[in-house]
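Please look over the following model with attention to how its secondary structure elements pack. A short briefing, grouped by topic, accompanies the coordinates.

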Amino acid sequence: MPPQRAAWELSVPEEVVPLSDRLASAPAPPGGGGEGSHPMLSFALAGMMDDVQAHSGAVYLFSRAEQILEMAVMAGLPRAFAAPWERVALSAPIPVADALRERRLVWVPDEEEMARRYPRIAVVLPYPFALAALPIATRDTAYGAVFVTWPGSHPPELTAAERARLVSACDRLALRLERAAEHGRRVAPEADFLHSSPLAATSGAIEAVQMVARVPEGMCALDVNGRVTFANAAMAELVGAPVTELLGSQLWTTLPWLNDPVYEDRYRAALLSQHSTSFVALRPPQDWLTFRLHPSRSGISVLVTPAAGAAQENPPEKRRPRPAGLVAISHLLSLASALTEAVGVSDVIEIVADEIMPAVGNRALVVLASEGGRLRVLGHRGYEDPTVIERFDGTRLTAQTPGARALATGVPSFFSSRAELEQIYPERRATPDGMAAWAYLPLIASGRPVGTCVLGYSEPHRFATDERAMLTSLGGLMAQALERARLYDVKHRLAHGLQSALLPHSLPSLPGLEVAARYLPGTQGMDIGGDFYDLMRTRVPGFPGGDRSDAAAVIGDVQGHNVAAAGMMGQVRTAVRAYTTAGQPPGRVIASTNRLLIDLDADLLASCVYLHLDLLGHRVLLARAGHPQPLLRDPEGRVHVLDIAGGPLLGIDPAAIYPTTAVPLRPGSVLLLYTDGLIERPGTDIDDVLAELAARLARAPEQPLENLADHLLGEDAALRTRGDDIALLLLRARR
């Protein structure tokens, strides 16, 4: 059965035979990416790129067990360009992950859109280029994803033909992967390949070489990996290295004075954007040279000339130490960008696991911190048995364990095998964790250790010098984020403790009235707000046989999402209770609370709906202060929006009047009171959302109010992000 197409997919016209089809049917060269098969992925990618004139691309294969996308083959650019994303979690905010997770084509037309939607990529690759990512999947099975890129000169929209060819090529590749799986053939990663169009050994080519040899400017050709494939004598003289030494090498590795990420960045910018770039570099001791880079899909032509006046503009500096390579820098930039989104400790651990584990290839992660002279496990990932790690929780900081030593000394430790670890820490023989190599990274913030990050590898792993430096730098970024997150978590617990204390722990049970209430905190900022509700028993004196028992209810929202809002919410709720106890009618209760709020000079506003339930008279008396209208479902199931008259928000006008409105409340009727968080959604008209809420209430079957509350909150309760908190109060007059 062919893979199901989404609504955006287009069929390829029958008369068009894409090159990817012709490649797929062509004889395969020897070798390749599979057990006894031709390089399926490379052929599919090459055909796809040629069909749409893309200049680079990559195919990712999906691991269901790890929920990871791993790059299987890349074309047109060195793999180092995509180093931070060679292995990405399916949940990562990366185009290929979005494409597979959402089963759709992702189109990013330029660097501005990339910065807006995928800032982690834009930070590492701030160049003008366009990108399309597509899923490789059948109707039932996800196999991977693909991306292709174009220079920044590509039009802002994909053409219908480009879109159709990309979709068709991915569908065909999905079918081939499905057949390979059915026959038990493993599809393995394949060798990356590059576009190249070498000069034929003709007399014209020989003349071209002789012509270049005669010009006084330095000239050389680089392939897409930056290796020199040709250099003339003038080039060798200008840079001070023989042609034989330049050929086959990268300029920034052969010439130490070019080993600077700034210069390598110009090469990457030219290759990815396909726009000419240039830079000026100092050849010690005092020769300034201008390098002009002219790219094509097959490589870069470089023109080198003396830079007139550059020495005056850029005085010689003391030689710096060897800088970190751009690959390591890109890892650091990617993590730094991601960590800006972290709020609490759990966010830091999740981001580090999603960003670092796929990139460096470790199997497990543990984050430890110091509390009260002992190690505490803040979080871990990758261990099938959590008790393996939890037994280290509470270890003394003076214990002879690698985690404690890294935290106490601030010095990282790397163990490439179990033998190395147990040689220094023999007690670890009694506490195996299933790993075969480890990196213990001290997390140092503001000059003091705040924790330890432990990376565990499932196989022995030798840590090269540059990898150790990169991991240590990553530890520094994690430490800063962890310190901020722990401070946030402390404030968060204090704020929520305050808010919990100010909201009612339970509502009174009243004869003739069924009640249910819910509160959902927001998920942005401090996750604390000023939403509140309350239900109070009231006495109406002077009735035969004793005072009559009625009820009063209130729901409201104090402006803000911080401790001040929560504190003011407590004052408003207390004031409402006091004025209710004094026997004031609804309009007077709100007016009195309004004057109190102004007298307190709190500089905060509040909205609320207050009602008095006359259970014997089957009516409700309401007053409203700038709050969303309540909903009433009658016994027949019809829902009415109670658009009652009201006054301004509390805290504005001390002379404001809040009229009271009487509404019938027949037995079986349901009143729904709520705060604006339930009906405010970005980009959606509030009246439309209110109508949708009323329809949900009308369609809901007869059921206990506790179940109805869950039903009405269904989608909002499941959301991971809510811009506002939500309070909800349901009241039903019993039959």
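The model is predicted, with local features requiring pLDDT of at least 70 and side-chain atom pairs counting only at pLDDT 80 or more, while totals for chains, interfaces and linings use all residues. Residues are numbered from 1 along each chain as its sequence is written, and side-chain values use heavy atoms, with hydrogens and water left out. The protein has 22 helices and 26 strands, where helices (H or I, at least four residues) and strands (E, at least two) are DSSP runs numbered from the N terminus. Of its 735 residues, 51% count as buried, a word that stands for under 20% relative accessible area, with exposed meaning over 50% and partly exposed what lies in between (1.4 Å probe, protein chains only). Among contacts between residues at least 6 apart in sequence, 62% join residues at least 24 apart, a contact being heavy atoms within 4.5 Å.

**The sheet with β8 and β9 at its edges**

- Five strands form an open, antiparallel sheet in the order β8-β7-β11-β10-β9, where two strands pair if DSSP finds at least two bridges between them.
- Because β8 (228-231) and β9 (277-283) stand at the edges with a single partner strand each, one side of each is left without a neighbour in the sheet.
- Neighbouring strands of this sheet are turned by 25° against each other on average, direction ignored; axes are lines fitted to C-alpha atoms, for helices over the stretch in contact, and angles run from 0 to 180 degrees between N-to-C directions.
- Strand β10 (residues 287-296) runs antiparallel to strand β11 (residues 299-306) and is joined to it by eight bridges, with Phe-291 having Val-304 in β11 as its bridge partner.
- Helix α11 (residues 261-273) lies across β9, β10 and β11, and runs at about 160° to β9.

**The sheet with β13 and β14 at its edges**

- A further open sheet is made of five strands in the order β13-β12-β16-β15-β14, again with antiparallel pairing.
- Its edges are β13 (374-381) and β14 (413-415), each of which has a single partner strand, so one side of each is left without a neighbour in the sheet.
- The twist of this sheet averages 20° from one strand to the next.
- Strand β12 (residues 364-371) pairs with strand β16 (residues 448-457) in the antiparallel sense over six bridges, and Val-366 has Val-454 in β16 as its bridge partner.
- β12 also pairs with β13 in the antiparallel sense, over seven bridges, and here Val-367 stands opposite Gly-379 in β13.
- The hairpin of β12 and β13 has two residues between the strands, and in this hairpin Gly-372 takes a positive phi near 60°.
- Helix α16 (residues 402-409) lies across β12, β13, β14, β15 (437-445) and β16, running at about 145° to β16.

**Helices**

- Helix α2 (residues 40-52) packs with helix α6 (residues 160-182) at an angle of about 170°, their axes being 9 Å apart.
- That makes α2 roughly antiparallel to α6, since angles over 145 degrees count as roughly antiparallel, those under 35 as roughly parallel, those from 65 to 115 as roughly perpendicular and the rest as oblique.
- Helix α3 (residues 95-102) is mostly covered, with six of its eight residues buried, among them Pro-95, Val-96 and Asp-98.
- Just after α3, Arg-103 takes a positive phi of about 50°.

**Nonpolar cores**

- A nonpolar core is a set of buried Ala, Val, Leu, Ile, Met, Phe, Trp, Tyr and Cys residues joined through side-chain atoms within 4.5 Å.
- The largest such core has 63 residues, of which Leu-258 and Phe-291 touch the most other members, and α11 gives the most to this core, with six residues.
- Leaving aside neighbours within four places in sequence, Leu-258 is in contact with Leu-251, Trp-252, Tyr-263, Phe-279, Ala-281 and Phe-291.
- Apart from this core lies another, of 51 residues, including Tyr-519, Phe-532, Ile-590 and Leu-731.

**Asp-653**

- Asp-653 lies in the loop between β23 (639-641) and β24 (661-664), and is partly exposed, with a relative accessible area of 34%.
- Asp-653 and Arg-595 are 58 residues apart in sequence and 8.0 Å apart in space, C-alpha to C-alpha.
- Beyond its neighbours within four places in sequence, Asp-653 is in contact with Asn-594 and Ile-598.
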